[in-house]
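Work through the following exercises with the sequence and the coordinates side by side.

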Amino acid sequence: MDWIIGAVCASMVAGAAYAKKSLTLSGCLAAIMMGTIYYGAGNLFWFGTLLLFFITSTLLSRFRKDRKQELEKSYAKSGNRDAGQVMANGGMGMFLCLGYWIFPHPAWIYAFIGVMATVTSDTWATELGSLSRKSPRSVLTWKVLTPGASGGVSLLGTLAAAVGGALIGAGAFFFSWIAGVEGLGLLSWTFVGLVGGLAGAFADSYLGATVQMMYRCTVCGREVEVHEHCGHPTVRARGWSWMSNDLVNVLSSVIGGCVAIGLGNILAL
């Protein structure tokens, strides 16, 4: 029955997101599969946390969208997410959910919150940080960068990342209480989400500034994540050819999850 409930709920949410053009068709199908597993193999703790990330991130992607349209042309990820982007953000959590289903252990739960806090922090930092009136600075050299540049950080973006991660942590306490999952207290969960999310978000910026595959627009000269900009094909600028934005998201999620495991084990003592 849980698998049926998960499939129905996931179909409703993903279908609504597809209708609003927040997901492509492939993204919609991936989200349905993912949501079904989150609820079927898990419970409301897992599914609710996923929804908290998805709904808040979708709403933020539409917030002052007119001011972000130009910057979004430089991003590999945008408000209209495909299957690859859906899996990059929620796939790791899905495998952790399956791991807990097969072999229950608190480490799976801590890692899951760290992963979801990371993708939430990263998304919030991108969506709100792009609205900052001050130019971002390089996470490596602290030099001023053009808005939207990979590896750039700003005060507004960092604050948004912190709030997003803390929200996932607080949500973890709320959903664990409803689902009857044993875990940490409210402050401890919030702290795990806050620190795990920030660690993963800064790891994402570091990887973006160092090894992520980046391209350069031959028209405006801007460094971008996409193969086409200003109506023309872009050329390779730097980074490893296989280090895509989606892979950077996955690796940063792993880092956020590992930080959360360490903090969770310490706070549970």
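**Exercise 1. Determine whether S252 is buried or exposed, and find which backbone oxygen its side chain reaches.**

Solution. S252 counts as buried because its relative accessibility is 2%, where buried means under 20% relative accessible area, exposed means over 50%, and partly exposed covers the range in between (1.4 Å probe, protein chains only). Finally, follow the side chain of S252 to the backbone oxygen of N249, which it reaches at 2.9 Å. Before going on, note that this is a predicted model, in which local features need pLDDT of at least 70 and side-chain atom pairs count only at pLDDT 80 or more, while totals for chains, interfaces and linings use all residues. Residues are numbered from 1 along each chain as its sequence is written, and side-chain values use heavy atoms, with hydrogens and water left out.

**Exercise 2. Carry out the corresponding analysis for T58, which lies in helix α3.**

Solution. T58 has a relative accessibility of 17% and therefore counts as buried. A polar atom of the T58 side chain lies 2.7 Å from the backbone oxygen of F54.

**Exercise 3. Describe the geometry of the aromatic pairs Y39 with F47 and W46 with Y100.**

Solution. The structure holds 11 aromatic pairs, a pair being two rings of Phe, Tyr or Trp (its six-membered ring) whose centres lie within 6.5 Å, with planes under 30 degrees apart counted as stacked, over 60 as edge-to-face and the rest as tilted. Y39 and F47 are edge-to-face, at 5.7 Å centre to centre and with 85 degrees between the planes, and both residues are buried. W46 and Y100 form a tilted pair, with centres 5.6 Å apart and 45 degrees between the planes. This pair links distant parts of the chain, since W46 belongs to helix α3 (residues 44–62) and Y100 to helix α5 (residues 83–102), 54 residues apart. W46 is buried, its relative accessible area being 1%, whereas Y100, at 25% relative accessibility, counts as partly exposed. Ring pairs also join W46 and Y100 with Y38, F45, Y110, F112 and W189 into a cluster.

**Exercise 4. Where in the structure do K21 and W142 lie, and what is the phi of K21 and of W142?**

Solution. K21 is placed in the loop between α1 and α2, and its phi is near 65 degrees, a positive value in a residue other than glycine. K21 counts as exposed because its relative accessibility is 63%. W142, which is likewise not a glycine, has a positive phi of about 70 degrees and lies in the loop between β1 (137–138) and β2 (152–153).

Key:
Helix = DSSP H or I, 4+ residues; strand = E, 2+ residues; numbered from the N terminus. Polar contact = N/O pair within 3.5 Å; in protein donor to acceptor, adjacent residues only side chain to side chain.
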